[in-house]
Amino acid sequence: MRRVASIALHTFKESVRERVLYNLIVFALLLIGAAILFGSISVGIEQIILVNLGLSSISVFGLLMAIFIGIGLVWKEIERRSIYCVLSKPVRRAEFIVGKYFGLLLTLIVNTAIMTAGFYAALFYQKRHLSSGDLLVLEAIYFILLQLALVVGLALLFSCVSTPILSAVFTFFLYVIGNLSSDIRWFGQETGNAAVEKLTAILYYLLPNFGNFNVISQVAHGERIPGYLLLANSLYALLYATILVSAAILVFEEKEFR
Amino acid sequence: MISAGATLFSLTGRRRVQALLLVPCFLALLPLQRGIDRELATRGQIAEVLYIPSGHLLRRLSLGHEGLLANIYWTRVVQYFGRKRLGHATRFELLGPLLRITTDLDPRLVIAYRFGAIFLAEKAPGGAGQPSEALQLLRRGIVANPDYWRLWQDLGFIYYWDLKDYASAARAFQAGSERPGAAIWMRAMAATVAAAGGQIGTSRLLWSEIYRQAESESIRRSAQEHLLALQAQEEMEYLNRLLVQYRTRAGRGALTFRELVAAGLLAALPRDPSGVPYRVGPDGRAALSPGSGVDLRLLQ
């Protein structure tokens with residue numbers, strides 16, 4: 001456990017040193033701030049637009065960070081040959097992967113916290129006060145983090161099997177497909193072909209269903225997220241992330257370093 | 001961005017001079033772009049197009065950010081409507097489709113149904129003059145937000161004001177009054193519209209409610225303009241009665257309101273709600289002066 005924590009902390013420190021991270025955070029904060037201006041050229045949706053744009057910025061920039069840092073997690077260690085140094089120590093390969101995963105997750109949690117603080121600052125500037133109803137936004141941010149936990153898992157898995165560019169492409173496309181998975185099943189049902197219907201149903205359950213976590217619009221309208229959805233989505237993310245990290249471990253265990 | 005800035009500052013000597021030469025290059029872009037803008041302006045305005053006409057397709061493409069996209073489309077509606085209105089346009093081809101996309105993307109964006117219906121229903125040049133489109137929009141809003149009683153209020157208002165269908169207006173107000181949390185006056189409004197539809201008092205009641213609830217300055221201003229027009233209409237009806245009285249008494253029609261003041265029928269020269277004096281028109285009836293700030297076309 002201590003070894004996992006040590007690798008996670010090291011990964012976190014390494015990620016924090018990435019310049020691209022700061023650029024992304026600055027852009028996200030700028031966008032959140034711009035939501036105030038954007039609201040002023042519209043009518044009657046000043047707060048809705050701030051919540052929508054703020055949460056979408058947190059989600060999109062979180063996604064970019066997860067992909068761009070995640071794809072290099074393992075590949076970079078192999079490329080720099082620092083993997084030999086790490087594995088020559090009493091560290092199991094599984095611990096290395098799990099540590100890497102939690103390290104990046106920690107980075108994303110910290111970054112999301114910074115962007116959330118920026119969002120609340122913008123909300124306070126707009127409303128001149130904050131109320132308990134504004135805490136609803138945290139539920140959507142929690143779902144964004146669950147989504148990012150899956151994206152990191154995907155990026156980590158691909159980082160073990162492919163080059164960074166291909167890993168980024170695969171992760172991004174799986175994210176897009178995962179957002180459209182309910183449509184894939186619907187298309188299958190529409191064909192009326194039993195085999196296609198079965199195939200699309202399998203894909204529906206097999207692919208990560210990122211659509212589960214899309215609650216930004218509801219939260220923007222002040223709607224509460226049902227307790228069941230909070231629990232079920234948490235378990236879904238936990239289970240799916242475990243599958244992804246386990247798959248990454250299996251691939252990494254089999255990998256030969258020359 | 002940060003690294004680019006840092007790199008620029010770390011340059012030395014000749015390279016820094018070369019980098020600084022980029023500044024006039026950027027400045028040269030300014031007149032160039034202005035020239036292109038002028039040229040494009042002479043070739044007519046940018047075509048009004050909906051790049052993706054289906055809200056449902058956009059919803060899928062938004063990857064979970066449909067709320068933000070709906071906000072962008074709603075802002076586009078507001079900007080489109082504002083630009084057209086400022087340009088005194090009479091055709092608003094994209095207004096209906098843009099509103100449909102907005103509400104397909106976010107069916108709970110009630111502001112788009114409410115304001116959108118007003119934009120659509122109001123007669124040109126104030127609006128698109130498409131009350132049936134406005135009714136469709138509101139009906140879709142009611143399906144998506146069945147407990148939001150104000151959409152029934154707007155539906156009743158359009159039936160009343162734009163379509164002069166007082167029976168349907170009364171039914172809409174009645175249906176709205178049965179929704180949870182509906183204001184008590186909705187029931188009274190249903191009864192009033194059913195009993196006295198088309199009368200100025202009923203119209204004033206409706207516009208006063210719109211004015212009181214207005215969430216935007218443009219809607220409030222529009223309600224105020226309608227209330228002023230109603231007041232002017234009421235005052236002119238009163239002045240016409242006085243003009244008839246004068247004709248009976250003097251045996252000829254008055255040419256100005258001074259004659260009515262001299263005859264003791266009026267205490268002073270009458271002024272319309274914008275403060276401009278009324279005049280006697282060529283037909284011998286009370287009329288607004290050319291400089292009046294009241295627009296009676298709103299009542300047509």
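This is a predicted model: local features need pLDDT of at least 70, side-chain atom pairs count only at pLDDT 80 or more; totals for chains, interfaces and linings use all residues.
Arg128(A), although not a glycine, has a positive phi of about 70°. Arg128(A) is exposed, because 7 other C-beta atoms lie within 10 Å and a residue counts as exposed at 12 or fewer.

Is Leu63(B) buried or exposed? With 20 other C-beta atoms within 10 Å, Leu63(B) is buried, as that count meets the threshold of 20 or more.

## Chain B in outline

The secondary structure of chain B consists of 14 helices and 2 strands, and of the 300 residues in this chain, 34% count as buried. When the contacts in chain B with a separation of 6 or more are taken together, 49% of them join residues 24 or more positions apart.

The domain assignment divides chain B into domain 1 (2–42), domain 2 (55–207) and domain 3 (223–299). The C-alpha centres of domain 2 and domain 3 of chain B are 35 Å apart, and the contact takes 4 residues from domain 2 of chain B and 6 residues from domain 3 of chain B. On the side of domain 2 of chain B that touches domain 3 of chain B, the residues divide by class into 2 nonpolar, 1 polar and 1 charged.

## The largest nonpolar core

The largest nonpolar core has 144 residues, and those with the most contacts inside it are Ala66(A), Val151(A), Val152(A) and Leu156(A). Helix 7 of chain A, which covers residues 136–161, gives the most to this core, with 17 residues. Domain 2 (55–207) and domain 3 (223–299) of chain B both give residues to the core as well, so it lies between them.

Which residues does Ala66(A) touch, not counting residues up to four places away in sequence? Ala66(A) touches Leu108(A), Leu148(A), Val151(A), Val152(A) and Ala155(A).

## A helix pair in chain B

Two packed helices are described by the angle between their axes and the distance between the axes. For helix 7 (residues 110–121) and helix 8 (residues 131–144) of chain B, the angle is about 170° and the axes are 8 Å apart. Helix 7 of chain B is therefore roughly antiparallel to helix 8 of chain B, the cut-off for that description being an angle over 145 degrees.

From helix 7 of chain B, the residues Val110(B), Tyr113(B), Gly116(B), Ala117(B), Leu120(B) and Ala121(B) take part, and they meet Pro131(B), Glu133(B), Ala134(B), Leu137(B), Leu138(B) and Gly141(B) in helix 8 of chain B. By class, the residues of this contact comprise 9 nonpolar, 2 polar and 1 charged.

## Where chain B meets chain A

Contact between the chains involves 21 residues of chain B and 25 residues of chain A. On the side of chain B that touches chain A, the elements giving two or more residues are helix 1 (2–10), helix 5 (66–86) and helix 7 of chain B. Which element of chain B gives the most to that side? Helix 5 of chain B does, with 8 residues, and the side of chain B that touches chain A has 8 nonpolar, 8 polar and 5 charged residues by class.

## Two partly exposed residues of chain B

Ala287(B) lies in strand 2 of chain B, which spans residues 286–287, and is partly exposed, with 18 other C-beta atoms within 10 Å. Leaving aside neighbours within four places in sequence, Ala287(B) is in contact with Tyr278(B), Arg279(B) and Gly281(B). Gly253(B) is 34 residues from Ala287(B) along the chain, and the C-alpha atoms of these two residues are separated by 14 Å.

Arg171(B) is found in helix 10 of chain B, which runs over residues 166–177, and is partly exposed, with 18 other C-beta atoms within 10 Å. The C-alpha atoms of Arg171(B) and Leu228(B), which are 57 residues apart along the chain, are separated by 28 Å.

Terms used. Residues are numbered from 1 along each chain as its sequence is written. Chains are lettered from A and ligands numbered from 1 in the order in which they are written. Helices (H or I, at least four residues) and strands (E, at least two) are DSSP runs, numbered from the N terminus. Two residues are in contact if their C-beta atoms, placed from the backbone, lie within 7 Å. A nonpolar core is a set of buried Ala, Val, Leu, Ile, Met, Phe, Trp, Tyr and Cys residues joined through C-beta atoms within 7 Å. Domain bounds come from an automatic or database domain assignment. Axes are lines fitted to C-alpha atoms, for helices over the stretch in contact, and angles run from 0 to 180 degrees between N-to-C directions. Angles under 35 degrees count as roughly parallel, over 145 as roughly antiparallel, 65 to 115 as roughly perpendicular and the rest as oblique. Ala, Val, Leu, Ile, Met, Phe, Trp, Tyr, Cys and Pro count as nonpolar, Asp, Glu, Lys and Arg as charged, and the others, Gly among them, as polar.
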